[in-house]
Amino acid sequence: MKDFKQRVGLIALAALALASSAWADGEGRTARVPLNPKYQQECAACHLAYPPGMLPAASLQRLMTQLPQHFGSDASLDPATLKELSSWLGANAGTYKRVREEPPQDRITRSAWFVRKHDEVAAATWKLPAVKSAANCAACHTRADQGDFNERYVRIPR
């Protein structure tokens, strides 16, 4: 019975890890990366906790050093959290070909791969009240909070 309970516990832990993870290097190009709980707590307080594989390490490093002026907001962190998250982001940054290119202003939405993937989205869609901007992934990607950006789960608001 003890062995059975241990196996069930391990299965539950694995399911929990998958439920709170995001694809490294975009849409499943590598294994899922468990999201750092502090990353979720700090970053998802204001916006989607974007999977680190969406940007190259250099972009993520710059974003972390510019947190006091993070896209118009002060997102400063205490030194220990900053060090932990910077290390985690660097270790899980995008490395495959399309993400190696550093996008203008280190914005995911300005990266060549993002623009290519969203070229069929009308300019008016980004301005819809339910969308507001291209950075609001969860407006259309119904599983964005799980790190799943598969087109199968896209629902564009009207």
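Me: Why does Phe71 count as partly exposed?
Reply: The relative accessibility of Phe71 is 41%, and since buried means under 20% relative accessible area, exposed over 50% and partly exposed in between, with a 1.4 Å probe and protein chains only, Phe71 is called partly exposed. The model is a predicted one, in which local features need pLDDT of at least 70 and side-chain atom pairs count only at pLDDT 80 or more, while totals for chains, interfaces and linings use all residues. Residues are numbered from 1 along each chain as its sequence is written, and side-chain values use heavy atoms, with hydrogens and water left out.

Me: Where does Phe71 lie, and what is its phi?
Reply: Phe71 is found in the loop between helix 3 and helix 4, where a helix is a DSSP run of H or I with at least four residues, a strand is a run of E with at least two, and both are numbered from the N terminus. Although Phe71 is not a glycine, its phi is positive, at about 50 degrees. Most residues other than glycine have a negative phi.

Me: What is the phi of Lys132, and is Lys132 buried or exposed?
Reply: Lys132, which is not a glycine either, has a positive phi of about 75 degrees, and its place is in the segment after helix 7. With a relative accessible area of 67%, Lys132 is exposed.

Me: How does the lining of the largest pocket divide into nonpolar, polar and charged residues?
Reply: The lining of the largest pocket holds 22 nonpolar, 5 polar and 4 charged residues.

Me: Which residues lie nearest the centre of the second largest pocket?
Reply: The second largest pocket, with a volume of about 380 Å³, has 23 lining residues, and Lys117, His118, His141, Phe149 and Val154 are those nearest its centre. Helix 6 (112–117) and helix 7 (123–126) are the elements that supply two or more residues to this lining, and helix 6 gives the most, with 3 residues. By class, this lining has 13 nonpolar, 5 polar and 5 charged residues.

Me: How do you know whether Phe149 is buried or exposed?
Reply: Phe149, in the segment after helix 7, has a relative accessible area of 9% and is therefore buried.

Me: What puts the buried residues on the same side of helix 4?
Reply: Thr81, Leu85, Trp88 and Leu89 are the buried residues of helix 4, and because they cover an arc of only 100 degrees around the axis, they fall on the same side of helix 4. The face turned away from that buried side carries the exposed residues Pro79, Ala80, Lys83, Ser87 and Ala91.

Me: What caps the N-terminal end of helix 4?
Reply: Asp78 does, with a side-chain oxygen that lies 3.2 Å from the backbone nitrogen of Ala80.

Me: How far apart are Lys38 and Thr81 in space?
Reply: From C-alpha to C-alpha they are 7.5 Å apart, although 43 residues separate them in sequence. Lys38 lies in helix 2 and, at 34% relative accessibility, counts as partly exposed.

Me: What joins the side chains of Asp106 and Arg62?
Reply: A polar contact of 2.8 Å joins them; the term stands for a pair of N or O atoms within 3.5 Å, of which, within protein, one must be able to donate a hydrogen and the other to accept it, with residues adjacent in sequence counting only if both atoms are side-chain atoms. Asp106 is placed in the loop between helix 5 (97–100) and helix 6, and its relative accessible area of 7% makes it buried.

Me: How many helices and strands are there in the protein?
Reply: The protein has 7 helices and 2 strands, which run α-β-β-α-α-α-α-α-α from the N terminus on. Of its 158 residues, 35% are buried.

Definitions and conventions
Nonpolar A, V, L, I, M, F, W, Y, C, P; charged D, E, K, R; others polar. 1 Å grid on protein atoms, 1.4 Å probe; cavity = no way out; pocket = protein on both sides within 12 Å on 5 of 7 lines; lining within 4 Å. Points joined across faces, edges and corners; volume = space filled by probe spheres on them. Arc of directions from axis to C-beta.
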